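The following paragraphs lead through part of a structure, from strand pairing to aromatic rings and then to charges placed over rings. Please keep the sequence and the model in view while reading.

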Amino acid sequence: MQTPSNTFPRLLLAHAAERAGAPAIREKDLGIWQTWSWGEVAREVRELACGLASLGFEAGQNLAIVGANRPHLYMAVVAAQCLRGVPVPLYQDAVAAEMVFMLQDAGIEFVIAEDQEQVDKLLECRETAPAIRHIVYDDPRGLRHYTQPGLIGYDKLRELGRDWDAANPGAFDRSVAAGEPGDVAVILYTSGTTGRPKGVCQTHASFIAAGRGGVETDRLGPGDDIMSYLPMAWVGDHLFSVAQWLVGGFTLNCPESAETVMNDMREIGPSYYFGPPRTFEGLLTAVSIRMEDAAAPKRWLYAKFMALARRVGADILNGAPVGLADRLLYGLGDLVIYGPLRNVLGMSRIRVAYTAGAAIGPDLFRFYRSIGVNLKQFYGQTETCAYVCLQQDGKVKLQTVGSAAPGIELKIAADGEVLVRGVSVLKEYYKRPDATAEVLDADGYFHTGDAGVIDAEGHLRIIDRAKDVGRMHNGAMFAPNYIENKLKFFPQIKEAVCFGHERDEVCAFVNIDFEAVGNWAERRGLAYGGYVDLAGKPEVLALVAECLAQVNADLATEEGMADTQIARFLVLHKELDPDDDELTRTRKVRRGFVADKYAVLIEALYGGRREQFIETQVKFEDGRSGVVSATLAIVDARRFPPVKVAA
């Protein structure tokens, strides 16, 4: 009787048996794409698992994995699972002090790290987390003279594995066969927007069901390619680059570096793509900068065809009726504007693209769909394998995140909170039964913490995080994330934080996009001496004020939103940064922390002042600390009377 493919190791071995020579994963190294077949991946995973076993790694232990998107690190995920161990991916840009908590919480004794940078952090962590016994490094550069105990190279681990496998015949196969669908397959730590991160325990069954639902919905399979470039510790990457990869059998492609992702995408031409809204915002910003530098005729042509795309592009993509003249014009636009634009974005072959991790502004969503990119929203959390709602082709609405995914039940609680029950819900928080009991009710529903509504067609609309939705003094609902997303559609604005709960008016902090605004300033001969100087220029404040005026004009036309127009704003003197604890590692605003840290600025905004001096401590990439100070101007935003739009 054939063993069912109901764990990730068994899925891998099934692919290796059925199509050993087909490409499973690629990596660009020194400018050349290297390819591993399914047979080669299965063999290397076996060697890794046996190597870990030779060092004493056993069932039930946790294996930390830290580094960028590298084939060897994805293989390490499955290698740990082959021994009924649990991989624990960590964010590669986390500083040592952040990593210590998770290493201690998960009881980590074994780590697989990418390179010298990560090894150095782990050796620092070991001073306060002495349980770490073995650190395996993939890239040996710079580590030749390291003599600390427990350090071992990746190739040496494989060699130990081959020896152990020969000395223990059948042990690996018995371990894989013993795996159960209900075993914990991975521990993913929450971003920790409030309090300490929690380890979310997800089983093989949960992630395989989530992976299968997405694969079947979008008809993914061996002919598809995906670019894996987002943090391995993010639940979205684990769903797309591990679960769907092993369920669907498509090819993973790892870029040479974070800086080469765009070029590498153009070379691979992925058919399947995913990224958080920030990634799509960044791509649009890059396009906007290029167009501003283009010749006047090209800018005119771009503006004309983009106006056409906004009017009919999404309808054409959805298969809705569009007039023949507009279809012909759109076809011409595809030849001269949209097609080349998709190529610049590395999306020429994209069949389906997803965004997840945070709400995406409807304007940003509309832009990509209007140029022929089949961008859809994917809603979920770490606790639900990033899998709750899927948007199906032909049923994409800009304001919703789609209907319940296969195997998922949705319900809206009396207070508006979205409740989820089904195949992808977490097993538990690691060693936190108290926290588990808080989010899983007696009926098995997971309390998402998001506020939302379900429309007549069963599509879910997320309003905001439930804890962030507030009320203004006049009773109007205040949904800060909704307003912030509108602001971030503009390429000049990188981040925004809005305030208004229990207030008479809404006020905002804004971070400019240094590259986009710097380019804008240079073309106007506006000299500046860095971020602080540029952010304080009167011309830049006027530019940002124009963006806010457009957002306010938009809010004035939306039912119930006119009262949440932004009254005043300031441009912060520094970028909000995860290293300064203002953002999570997934780039979500730690709203409460920011409000406390910059309380003097909030007081100035609501106190009617025209400027406010502030001095802020910052952490630099090399670990040093410093101080940034500035006198920030407070600017009134243009507001508009409510406009009733005809249905």
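In strand β20 (residues 446-454), the bridge partner of Glu-417 is Ala-451. The model is a predicted one, in which local features need pLDDT of at least 70 and side-chain atom pairs count only at pLDDT 80 or more, while totals for chains, interfaces and linings use all residues. Residues are numbered from 1 along each chain as its sequence is written, and side-chain values use heavy atoms, with hydrogens and water left out.

The strand names follow DSSP runs, numbered from the N terminus, where a strand (E) has at least two residues and a helix (H or I) at least four; two strands pair if DSSP finds at least two bridges between them. By this criterion β20 pairs with β18 in the antiparallel sense over three bridges. Strand β18 (residues 417-422) also pairs with strand β17 (residues 408-412), again in the antiparallel sense, here over five bridges, and Ile-412 stands opposite Val-418 in β18. Between β17 and β18, which form a hairpin, lie four residues, and Gly-416 in this turn has a positive phi of about 95 degrees.

From the strands we turn to the aromatic rings. Rings of Phe, Tyr and Trp (its six-membered ring) pair if their centres lie within 6.5 Å, and planes under 30 degrees apart count as stacked, over 60 as edge-to-face and the rest as tilted. A search of the whole structure finds 23 such pairs. In one of them, the rings of Phe-240 and Tyr-272 have centres 5.5 Å apart and planes at 55 degrees, so this pair is tilted. The pair links distant parts of the chain, since Phe-240 belongs to helix α9 (residues 235-248) and Tyr-272, 32 residues away, to strand β12 (residues 272-275). Phe-240 is buried, with a relative accessible area of 1%, where buried means under 20%, exposed over 50% and partly exposed in between (1.4 Å probe, protein chains only); Tyr-272, at 0%, also counts as buried.

Another pair is made by Phe-280 and Tyr-368, whose ring centres are 5.1 Å apart and whose planes stand at 80 degrees, so the pair is edge-to-face. Here, too, distant parts of the chain are linked, with Phe-280 in helix α11 (residues 277-292) and Tyr-368 in helix α14 (residues 362-370), 88 residues apart. Phe-280 counts as buried at 0% relative accessibility, and Tyr-368 is likewise buried at 0%.

Finally, a charge sits over a ring if NZ of Lys or CZ of Arg is within 6 Å of the ring centre and within 35 degrees of the ring normal. The charged end of Lys-411 sits over the ring of Tyr-445, 4.3 Å from its centre, and that of Arg-503 over the ring of Tyr-606, 4.1 Å from its centre.
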